[in-house]
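Keep the structure open as you read.

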Amino acid sequence: MAEHLSQSELDYPFKLLEYFNGFRVSKVIFSACELGVFNLLLKAQEPISAQHVAQELSCSEDGMERLMDALVGIEILEVETKDGTALYSSSDVANLYLAKGSGKSLHDMIIYQSQTIYPLWNNMADAVREGKNQNEKTFGLPSEDIFKALYRSEEEMLKFMGLMNSSWVLDGHDIVTAFNLSGFQKIVDLGGCTGALAREMAKAWPSSSVTVLDLPQVVEVAQKHFPQEDDAVEFQSGDFFSDEIPPADLYILARIIHDWPEEKCVTLLKKIHDSCRPGGGVLLVEALLFENRRGPVTAQIFSLNMLVQMEGRERPPSEYTRILEKTGFHNVQVCRTGKCYDTILATR
């Protein structure tokens, strides 16, 4: 593939230029979300001018027109001309994923990417050079206490929790139905954040009881900002590293193992193994690398993000299998969902 790309790029580097400009495309979407463009267009329910959008959002008309034209160029907005005036409207994709009101909205994910991940990636070269996260250089916070950086204020905690919530709105159903989990009666989602994935689990397997265990401040914010009527999920406060883990038939670790170096993962998985009921297991949810190092590019980029922000990395299935077997689990099964996140099920 690389050879084919280099041959086709020799006459003119279209693909390389597309890659170079990728950050600009991201910022176009990020800025439109932060300014409220998609929310306003959804609310308007009819095509409106850049001048109208600029007035409503307290922006310059010239700047807004350029931003909206760029959004048309990347096929997120649509435009028509009437009596010499350009009128803009949202595409179905923008209404579904970029406006705040939709049940599948990725708005919170985008805000987190723009305001937290983007500044961190400005220091990627230093992360590669030093082999450690860049929280101190980016935010003035100790690099060794990663969750102190993530949860440095309720506002920052809400951004991160919004990111996690958006992830499971997208991928949750595929994750919880990747394997037949009907035999696991008591399920505990360790570090389950807002409860979004746990709710998908409860929906898919209604005969199981599902509990989220997370830090006290996370549970408090989850119940305050992400409540659900007639919630089938229970919340329990605790630190799965320092507190006792409640007995269960199945433990979910969704985007948890990739946060930490191997020694810390081994410690946690051994603790889970000891708490797990006979015949029980653990479900890992991660972006799995290919064994041949050729992708998926999403997982490779996530692994770089673990370098610049956290202490861990993404791994191929063989590495997860080795770690799981090292901590006493066996019968390791892998399911690639075809989406951002994959699943691994192992039994005690």
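Helix α3 (residues 22-35) and helix α8 (residues 107-121) have axes that come within 9 Å and cross at roughly 120 degrees. That makes α3 oblique to α8, because angles under 35 degrees count as roughly parallel, over 145 as roughly antiparallel, 65 to 115 as roughly perpendicular and the rest as oblique. The crossing of α3 and α8 is left-handed: the near helix is turned anticlockwise from the far one by less than a right angle. By class, the contact of α3 with α8 has seven nonpolar, four polar and two charged residues. Nonpolar covers Ala, Val, Leu, Ile, Met, Phe, Trp, Tyr, Cys and Pro; charged covers Asp, Glu, Lys and Arg; the others, Gly among them, are polar. On the α3 side are F23, K27, I29, F30, C33 and E34, which meet α8 residues including I110, I111 and Y118. Contact means heavy atoms within 4.5 Å.

The model is predicted: local features need pLDDT of at least 70, side-chain atom pairs count only at pLDDT 80 or more, and totals for chains, interfaces and linings use all residues. Residues are numbered from 1 along each chain as its sequence is written, and side-chain values use heavy atoms, with hydrogens and water left out.

Helices (H or I, at least four residues) and strands (E, at least two) are DSSP runs, numbered from the N terminus. Two strands pair if DSSP finds at least two bridges between them. Axes are lines fitted to C-alpha atoms, for helices over the stretch in contact, and angles run from 0 to 180 degrees between N-to-C directions.

Now the three-stranded sheet. This open sheet has the order β1-β3-β2, with antiparallel pairing. Its edge strands are β1 (48-49) and β2 (77-82), each pairing on one side only. Six bridges join β2 to β3 (residues 85-90). V79 has Y88 in β3 as its bridge partner. Helix α4 (residues 37-44) lies across β1, β2 and β3, at about 95 degrees to β3. Helix α6 (residues 61-73) lies across β2 and β3, at about 115 degrees to β2.

A second open sheet has seven strands, in the order β6-β5-β4-β7-β8-β10-β9, with mixed pairing. β6 (233-237) and β9 (330-335) stand at the edges with a single partner strand each, so one side of each is left without a neighbour in the sheet. β5 (residues 209-214) and β6 pair in the parallel sense over five bridges. L213 has Q236 in β6 as its bridge partner. Helix α14 (residues 216-225) lies across β5 and β6, at about 145 degrees to β6.
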